[in-house]
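Biologist: Could you walk me through how to read the features of a model like this one? I would like the general idea each time, and then the case at hand.

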Amino acid sequence: MSLATVYTRASQGMLAPLVTVEVFLSGGLPKFSIVGLPEAAVKESRDRVQSALLSNRFRFPRGRVTVNLAPADLPKEGGGRFDLSIALGILLASKQMPSVSLEQYEFLGELSLSGSLKGIHGCLPGVRESRNACRICVVPKDNSHEASLVTDAKTLAAGHLSEVVSHFVGETKLPAVSSSQSVEKPDYPDLSEVQGQATAKRALEIAAAGGHSLLMIGSPGTGKTMLASRLPGLLPELSNEEAIEVACVLSLTKNPLHQSNWKQRPFRAPHHPASAVALVGGGSYPKPGEVSLSHRGVLFLDELPEFKRHVLEVLREPMESGSITISRANQQLDFPARFQLVAAMNPCPCGYAGDPAQDCHCSQDQVDRYTHKISGPLLDRIDIHLNVPKPPVHLFRQEIAKESQTQVVAKRVVAARDKQHKRQQCLNAHLCHEHTVALDMSEKAERLLEKAMEKLLLSPRGHDRVLRLARTIADLTDDDAITETHLAEAIQLRCLDRRT
């Protein structure tokens, strides 16, 4: 009888909890069992591990082989991510490897029948947790680029089971995953390509500076989508930890990580037939949805009223909290969802209400039914409501400016965000009610706000959003207190509050 212990990591959303693989060999009739709440795909490791060992001329124990994946109450899913650690445990327990200490190592990887290592999904969270535990992580070569994103982690890459064994026998050394990488600068479309629309560009700058959500209302072809796609370029560059967060979410899906993805703000634009599960995540084994895939970036919903109402309602919680919780019978997972919502819609079903160049054929009832597809509570959570008119024809023929407007505006955005973080350690859009009502205001601004509350019938949430917008406008002009001018512009940026 003999016992061996090897460490690995499970996949549980953004988390990668430690799993201790205990392999116990005993006499008796041949039997290979895996205990510790494994799912069906994990149980199939028995056949993969046995074939991989025999293919590489290792001896498979003839007696009872019991593999325990501890802790027993943690569901073990993720296909073959435990294969490598189980195989090494069997080799250690059967004395086919020297009695080396693997206390400082963690192993991730799926084995083929020939013993070669295959890449796994969700490798990046495991590497990050290994770094936090001060252990060396051994990953498949297919995951080496992904693992290299955690620059301060100690990671080794292996392409075959025999290479891992040779490393611990002392014959050859596994190559360390290089963290030195030439990061490509994200290539965002430039704001100068949008002709005219000075008011919309100003609103986009304010949204970027304070992290505010934005709804654009206008006829088809007025540039709403163009404006939305330029918002990521106005946002500051992701820090290393923020970029790893974004990459961890992407690692849980089948979307590949490329050098061009690194440190690039996500821009997600799901089509309106998307379901609630596609938007917020879910499934029998919960996976991140669009709100999480746009974490630290922009979620763009075009044709907002065309989305099903119950689908849009699920946005309310993550917009407030910056995360989404998915509950299932056997587990509850949290995914990050600190996204910036940008939405676009037509003013009516045909799209031409209020257009001076084209007649609208919709009745008032049709217009009301169309606009009422978006609930009041959701609209109340959107900071900026902006009318985007069709620009004059002469602007279409103007030459696009050669200098980058995005770079100029981005510098002002960075400066405004720095002020907010120094003052309150968060963006203005994320201020709580207590901090919002305590913002410095001039007496004229206070009187104007009182009048706006009475005339526009602003809800308490709408009151706070106007104040946060005004505070962002003041940050862009480097003013310590909110003035009447700042507040007036903030009120103008909420056109739906002014509808009677």
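Biologist: Let's start with Asp-83: is this residue buried or exposed?

Modeller: We are reading a predicted model here. The general idea is that a residue is called buried when its relative accessible area is under 20%. Asp-83 has 0% relative accessibility, so it counts as buried.

Biologist: Which side chain does Asp-83 meet in a salt bridge?

Modeller: Side chains of opposite charge can pair when their charged atoms come close. In this model the partner of Asp-83 is Arg-48, with 2.6 Å from N to O.

Biologist: How many salt bridges does a search of the whole structure find?

Modeller: The search finds 26. One of them joins the side chains of Arg-135 and Glu-103, at 3.9 Å from N to O. Arg-135 sits in the loop between helix H4 (123–132) and strand S8 (136–140), and Glu-103 in the loop between H3 and strand S5 (105–107), so this pair links parts 32 residues apart in sequence.

Biologist: And how do I read the accessibility of Arg-135 and Glu-103?

Modeller: Take each residue by itself. Arg-135 is buried, with a relative accessible area of 14%, whereas Glu-103 counts as partly exposed at 38% relative accessibility.

Biologist: Which residue does Glu-242 meet in a salt bridge?

Modeller: Its partner is Arg-296, and the N to O distance is 3.7 Å. This pair links distant parts of the chain: Glu-242 is in helix H10 (residues 240–251), while Arg-296 is in the loop between helix H12 (290–293) and strand S14 (298–301), 54 residues apart. Glu-242 counts as partly exposed at 22% relative accessibility, and Arg-296 counts as partly exposed at 24%.

Biologist: Let's turn to patches. Which residues gather in a patch of negative charge on the surface?

Modeller: A patch takes in residues that have over 30% relative accessible area and no salt bridge. Here Glu-443, Glu-446, Glu-450 and Glu-454 gather in a negative patch on the surface. Glu-446 lies in helix H19 (residues 443–456), and its 39% relative accessibility makes it partly exposed.

Biologist: Which residues form a nonpolar patch on the surface?

Modeller: Those are Met-1, Leu-3 and Phe-24, which together have about 380 Å² of accessible area. Leu-3 is placed in strand S1 (residues 2–9) and counts as exposed, at 56% relative accessibility.

Biologist: Now a leucine elsewhere: where does Leu-304 lie, and what is it in contact with beyond its neighbours within four places in sequence?

Modeller: Leu-304 is in the loop between S14 and helix H13 (309–313). At 2% relative accessibility, Leu-304 counts as buried. Leaving aside neighbours within four places in sequence, its contacts are Leu-215, Leu-312, Ala-343, Ala-344, Met-345 and Ile-374. For a distance along the chain, look at Ala-329: it is 25 residues from Leu-304, and their C-alpha atoms are separated by 32 Å.

Biologist: To finish, what do the totals say about the protein chain?

Modeller: The chain has 21 helices and 18 strands, and 54% of its 500 residues count as buried. Its C-alpha atoms fill a box of roughly 85 × 45 × 45 Å along the principal axes. Among contacts between residues at least 6 apart in sequence, 74% join residues at least 24 apart. As for charge, there are 58 positive and 56 negative side chains, and the centres of the two sets lie 5 Å apart.

Terms used:
Residues numbered from 1 in each chain as written. Predicted model: local features only at pLDDT ≥ 70, side-chain atom pairs only at ≥ 80, totals over all residues. Heavy atoms only, no water. Patch = residues over 30% accessible without salt bridge, like charges linked within 9 Å, V, L, I, M, F, W, Y side chains within 5 Å. Areas by Shrake-Rupley, 256 points an atom, 1.4 Å probe, with all protein chains shown as cover. Salt bridge = Lys/Arg side-chain N within 4 Å of Asp/Glu carboxyl O. Lys, Arg positive; Asp, Glu negative; His and termini not counted. Charge placed at Lys NZ, Arg CZ, Asp CG, Glu CD. Helix = DSSP H or I, 4+ residues; strand = E, 2+ residues; numbered from the N terminus. Buried < 20%, exposed > 50% of the residue type's maximum accessible area, 1.4 Å probe, protein only. Contact = heavy atoms within 4.5 Å.
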